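Visitor: I am new to reading protein models. Could you walk me through what I should look at?

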Amino acid sequence: MLQAAAPAGAKTEAESPFADFDEFIRLYQQRVYRLVLAQTGEPDLAEEITQECFIRAFQKQKGFRGDCQVFTWLARIAINLVRDHFRNRRFAMWRKLIRFDASEPQQSQAEQVPDPASTPEEHLLRRERLERVSRRIQRLTTPQRDALLLSAVEGMSIEEISRATNRRPGTVKSHLHRAMMNLRNWREGEQQ
Amino acid sequence: MISIHLSDEELTAAATGERSPRTAGHLEICPQCWEQMSIYRDRLASLKQDVVYSGGRSAIDWGRQSRSIQQRILEAQIKKTAGRNVSFALATSALAVILVIFLFLNFRSTSPTIVSGPPAQTISDAALISDIEARLDQDLPDALQPASLLVGEMGGIDGERTTHNTSHARTRTQQ
C-alpha cells in the first residue's frame, strides 16, 4: 500500500485524504480521467495524463492545505497537465516538421488498446459519443472548455472552478457564458 | 407583473446552478425564462451524459489503471531516492576533489624553497695558501698556539723549507 504523508492543513494522518493513497486513486481516478478525456478526446492520452496527475498529487500532497475540495485540487493539476501537454505537442509538431519525422502517429495508433471487458459495439458507441463531445468541445477556447466541463460534468460551482483554473470568479462566469453560447449555436447548427 | 426578462448570462448561470435572489424569483414567475433556462440545463445534462458515457470503462480496466498508477508512483519514488543518492555521491566527490586541490595548492605554497646563494668562487691554490697564512698570523687563543706553530712550519715557503726543517730538527735535538 502506498503510504502518504499528511498534508499541511490536516490535523492527523487519519484525517488526511491521502492517508490511504490506493483508496484515494480508486475514489478519484474516474472523474480525473473523464475530465482529461473530454479535454483531449484521446483515451490513451487521457489515461497517460491521469496517471501523471496522480503521481504529481502524490509528490505534491504536502502542498494541499485543505482550503478547497480534494477534487478541485486534483482538477487543477489535471488541467495544468493537459495545458502543458498541448503546449509541448505544438513544439513537437514544429520539431517534427523540421525533422520530417513521421514515426510518432504510427506509434500513437499502435498504443491504442481497447478495453478488453467491453464489447466491440460498446467500444464503437463510446468512440462515437467521444467524437461528438470532442467536436463540440474543440470549438471552444481553453478557458471556456475548462469552465464548461468543470461546471457541466463535475457540477462545480463558479467559486470551485475559479480555484481549479486559477482564474477570477467573474472571468470564469464570463467564460462559462460564452461557452454556453457557443454550445447553443453549434447545437442549433447541428439540428439544421 | 413580470419584471424585465433574464439576460443570457443570467440564464446560463442559472442553468449551472448559480442563482441570485432576483434570478430565482424571476424564474418562479416567468415561464419563458424558465423554459429558456431549461434548454440550457438540458444541453449541459446532454454534454455530461456524453462525457460520462464516453469515459466509461469496465471495472477491470479501472483496476488495471489503478495498479498502473501505483506502480508508476513506486517507480518515481525509487528513481527519486536513487537520484538523491547519486546527487549525494556527486556532491561528496566534488567536495573531496576540492579538498585535494586545496591541500595540494596549500602544500605547494608552504613548502620550503631552496634559495640558491651566489655562485661559489673558485680560488687558486696560491691565494688559498696565502689566505691560510694570513689567518695563522692572526692572534690565536693559547690552546691553539702549538698547532699554529706546527701549521706555520709545515706550510712555509718552499725556499725556506730546508731552513725550517733544519731548525726544527735542531729544536728537537735541543729538546
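Visitor: How are α5(A) and α3(B) oriented to each other?

Guide: Start with the angle between the two helix axes. This is a predicted model, and in it helix α5 (residues 120-137) of chain A packs against helix α3 (residues 31-54) of chain B at an angle of about 135°, with the axes 8 Å apart. Angles over 145 would count as roughly antiparallel and 65 to 115 as roughly perpendicular, so α5(A) and α3(B) are oblique to each other. The crossing in which α5(A) passes α3(B) is left-handed.

Visitor: Which residues make that contact?

Guide: On α5(A) they are R126(A), R129(A), L130(A), R132(A) and V133(A), and on α3(B) they are L47(B), D50(B), V51(B), Y53(B) and S54(B). Sorting residues by class is a handy next step: this contact has five nonpolar, one polar and four charged residues.

Visitor: What does a helix pair within chain A look like, such as α1(A) and α2(A)?

Guide: Ask about angle and handedness again. Helix α1 (residues 21-40) and helix α2 (residues 43-59) of chain A cross at roughly 135°, and their axes come within 8 Å. The pair is therefore oblique too, and its crossing is right-handed. Among the residues in contact are F21(A), I25(A) and V36(A) of α1(A), and L45(A), I49(A) and F58(A) of α2(A). By class, the contact has 13 nonpolar, three polar and one charged residues.

Visitor: How many residues does each chain bring to the contact between chains A and B?

Guide: Chain B brings 32 residues and chain A brings 37. On the chain B side, α1 (8-15), α3 and α4 (59-110) each give two or more residues, and α4(B) gives the most, with eleven. The classes on that side are twelve nonpolar, eleven polar and nine charged.

Visitor: What is chain B built from?

Guide: List the elements, then look at burial. Chain B has seven helices and zero strands. Of its 175 residues, 13% are buried. Among its contacts between residues at least 6 apart in sequence, 41% join residues at least 24 apart.

Visitor: Where does pLDDT stay under 50 in chain A?

Guide: Look at the average, then at single stretches. Chain A averages a pLDDT of 78, and 74% of the residues score at least 70. Over residues 101-112 of chain A, however, pLDDT stays under 50, and the model has four contacts beyond four places in sequence for them. Where pLDDT is low, the predicted coordinates should not be read in detail.

Definitions and conventions: Residues numbered from 1 in each chain as written. Chains lettered and ligands numbered in written order. Predicted model: local features only at pLDDT ≥ 70, side-chain atom pairs only at ≥ 80, totals over all residues. Axes fitted to C-alpha atoms, helices over the stretch in contact; angles between N-to-C directions. Helix = DSSP H or I, 4+ residues; strand = E, 2+ residues; numbered from the N terminus. Parallel < 35°, antiparallel > 145°, perpendicular 65-115°, else oblique. Left-handed = near helix turned anticlockwise from the far one by under 90°. Contact = placed C-beta atoms within 7 Å. Nonpolar A, V, L, I, M, F, W, Y, C, P; charged D, E, K, R; others polar. pLDDT = per-residue confidence, 0-100. Buried ≥ 20, exposed ≤ 12 C-beta atoms within 10 Å, placed from the backbone.
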